[in-house]
Amino acid sequence: MIVIEKAMVDIGILLQILFWGIYAGCIYILLATGLNLIFGVMKVVNFAHGEFLMIGAYITATVFFLTGINPYLIILISMLALVAIGAAVERLCFRPILGTGKLNEIFLSIGLIYIFQNATAMIWGDAWQSIKSPYEGITVPIGSLNVPLDYIIIMIVTAAILCVLYLFLKKTRTGREMRATSQNRKGAMLVGINVERMDILSFGIGCALAAAAGTLWVVSGQVFNPYMGSIPAIKAFAIIILGGLGSIPGAIVGGLIYGIAENGAAYFLGGVWKDAISFVILIVVLVVKPTGLFGESGE
Amino acid sequence: MSCYSIAGEFKVKYSVLFIAALLIAIAIIAGCTQQAPAQAQPNEIKVGVIASLTGPASNVGTNMWQSAQVAAAEINANGGVQLKGSATKVPIKLIVGDDESTQQGGQKAATKLITDDKVDILVGGYSSAVTSAYEQTIAEYKVPYIVTGASSPIITHRTDIDTSYIFHHCPTTDTYGQYTTMFIDQVLRPAVNKKLGASADRPFRLALLYQDTAFGKGVQTAVNNTITKDKLNIVLVSQQGYKMGESDFRTPLTAIKAANPDAVYFAAFPNEGAPAMTQARRDIGLDTIFLSVENNDNSQFYKDLGQYGEGSIIESRFSPYTAPAGAMADAQNKFKNSYYAKWGTYPDMMGASTYEGIYIATKAIGNAGTTDKTTVKQALVDLSMPQIIEAMKGGTISFSKDFRESTFDLWMEQLAFNQTIGESRPNIVWPDNLKVTDFALPSWYKPGSA
């Protein structure tokens with residue numbers, strides 16, 4: 001009855017919920033795309049991926065507090081820093097155990113979660129923090145909605161990053177090599193592609209995308225602390241399974257579906273259903289199409 | 001000479017017999033009355049402090065632990081605890097247990113403090129969900145525990161375990177839910193009616209955003225019960241729950257805005273309350289009065305909230321930035337200054353009640369004259385000591401006979417934005433005997449409509 005009554009609400013409110021869903025989806029898309037890029041190339045399961053989002057958030061806040069630079073510009077610093085951190089993690093942690101079994105990868109990444117969380121707490125403390133966007137308080141009328149400028153910028157930045165990633169993967173030689181490694185690692189090696197270089201590059205880019213998600217998280221005014229990465233990481237995993245393992249379009253569509261479904265559930269069913277609905281969708285999709293929306297059999 | 005000697009011998013013999021009989025009698029009497037040897041005075045009193053030093057509640061937990069250390073330093077600077085019947089004082093030693101803001105972490109911390117560290121008494125506990133998870137351990141080992149942070153009444157009301165060793169020195173959700181609802185009815189509702197030019201019987205439209213835990217649901221229940229029991233002219237137009245630790249409240253706030261409330265009551269932790277209120281004003285455009293639960297009254301909350309706190313209300317009993325006039329202000333300022341000198345920040349109210357918790361624990365052990373846990377528990381039951389830094393009913397700290405709860409005098413603060421420091425600051429506006437200024441609706445306030 002309550003659901004029926006709520007379904008009859010003003011279309012403006014539904015559009016508002018849709019808008020919040022797309023905003024949330026942007027964060028998920030960046031996180032899940034990075035995770036999928038790493039999985040696609042290396043076939044590595046990295047549960048510590050959410051920690052790279054968290055580190056991106058801290059780097060953004062720290063640079064912002066120290067320099068006062070526009071936080072949207074700090075996204076470049078944050079991404080570059082995470083490319084370096086990601087490359088180091090791949091080289092020092094994942095490469096030595098690559099091919100030794102999924103269990104090793106899982107326990108390694110769980111260990112990394114604790115290391116990153118505790119290291120961050122040691123450096124920055126573990127209190128919740130937040131920063132203020134220079135554009136907070138500015139709203140833009142879009143049809144019947146009056147939406148904050150920050151969220152529009154976040155959506156534009158997300159779209160721009162995805163476009164650059166698309167062009168990189170489709171139009172550059174390195175991007176094509178990366179895709180080739182993702183499709184057939186042995187075949188790529190046979191044609192002379194340095195797959196270890198592709199590993200380190202994909203891990204770095206994947207971490208940079210997580211850092212971008214962290215920056216946008218912070219700029220949108222959400223609070224952060226060293227333990228914030230775990231839940232987004234679980235959702236990112238659910239998204240790439242939903243979209244199809246290794247599929248970048250799958251991560252984008254899956255991220256949007258999750259963002260909108262979560263906010264729709266929070267409105268129609270209550271906030272406690274926000275996380276649960278994502279997994280309900282995941283179960284339904286896996287029952288109907290076990291490879292995910294864009295996945296291919298054999299992944 | 002010889003007669004004298006014989007008489008003297010008799011006297012000596014009788015004296016020896018008399019002394020021997022006396023010693024036997026003393027031994028028999030002592031044997032009858034003293035079943036066990038007297039407990040030796042301890043070298044130190046071990047007080048376990050359970051606090052969330054890591055995890056989502058670490059901000060509050062750190063404040064609690066640091067406040068406990070301020071109290072211990074003061075007590076030890078005065079020589080320690082005077083045990084009843086003893087001439088010397090005994091120093092106290094604090095041992096912290098990090099509950100990691102999780103139920104499993106709480107269980108580990110409580111077990112370690114009791115079995116490994118062998119503490120004499122426990123103080124602390126934040127988050128009702130976490131604290132209630134390890135109460136079974138407290139019951140099993142029968143260690144007196146003064147809970148100074150978890151505010152759900154279930155802490156001492158539950159009947160599935162023996163809670164007789166647990167004492168609650170923190171207002172419960174029942175109490176502050178009731179206080180806040182009374183404030184709405186007595187102050188906010190007439191002010192909104194006056195602004196609208198509406199009749200006194202216009203129902204006040206209240207919305208509730210609550211954490212979906214024992215804490216948040218406790219506040220929800222208290223608000224509903226107070227409205228029903230006191231037949232208040234308040235209508236709950238929207239009740240939105242969210243998961244603990246949530247940071248994106250835009251959708252439930254959109255639902256609340258759609259219900260056109262006159263005010264929104266946030267039953268949230270500080271790390272949730274500040275972003276929720278910010279998102280409500282900044283993103284959703286909810287230009288209304290926000291009411292918050294007392295645990296938000298800490299310096300980090302004011303820092304995170306910035307200008308979005310303007311005009312909002314916090315129910316409180318201890319604030320880093322204000323105090324009721326009189327002797328209570330002096331006592332609170334002394335604690336705040338000691339804390340600031342030691343830690344460089346200001347204490348929050350969970351810190352204040354934990355600071356008091358250490359004093360209560362040591363007072364009970366002092367009254368008991370021993371660290372024997374059963375005797376200390378009884379001393380807590382019988383405790384009656386003057387209020388320390390928080391206003392107590394009747395000016396005395398004591399625990400109720402039924403659920404072992406102390407009773408606080410609460411107040412409501414209204415926040416005003418200070419452009420110079422870029423943060424809002426509170427002023428007490430209710431009740432009349434404690435207020436320093438009157439409540440006022442902000443000029444930008446928009447009342448709800450049916």
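**Exercise 1.** Find the residue of β7(B) that stands opposite B:Ile146.

*Solution.* Go to β7(B): B:Ile146 stands opposite B:Phe167 there. Next, take the strands. Strand β6 (residues 145–147) of chain B pairs with β7(B) in the parallel sense, over three bridges. Pairing requires at least two DSSP bridges between two strands. Strands (E, at least two residues) and helices (H or I, at least four) are DSSP runs, numbered from the N terminus.

This is a predicted model: local features need pLDDT of at least 70, side-chain atom pairs count only at pLDDT 80 or more, and totals for chains, interfaces and linings use all residues. Residues are numbered from 1 along each chain as its sequence is written, while chains are lettered from A and ligands numbered from 1 in the order in which they are written.

**Exercise 2.** Describe the side of chain B that touches chain A.

*Solution.* Count first: 29 residues of chain B are in contact with 29 residues of chain A. Contact means C-beta atoms, placed from the backbone, within 7 Å. Then list the elements that each supply at least two residues: α2 (58–77), β9 (234–242), α9 (250–258), α10 (270–282) and α11 (299–305) of chain B. α9(B) gives the most, with six residues.

Terms used. Contact = placed C-beta atoms within 7 Å.
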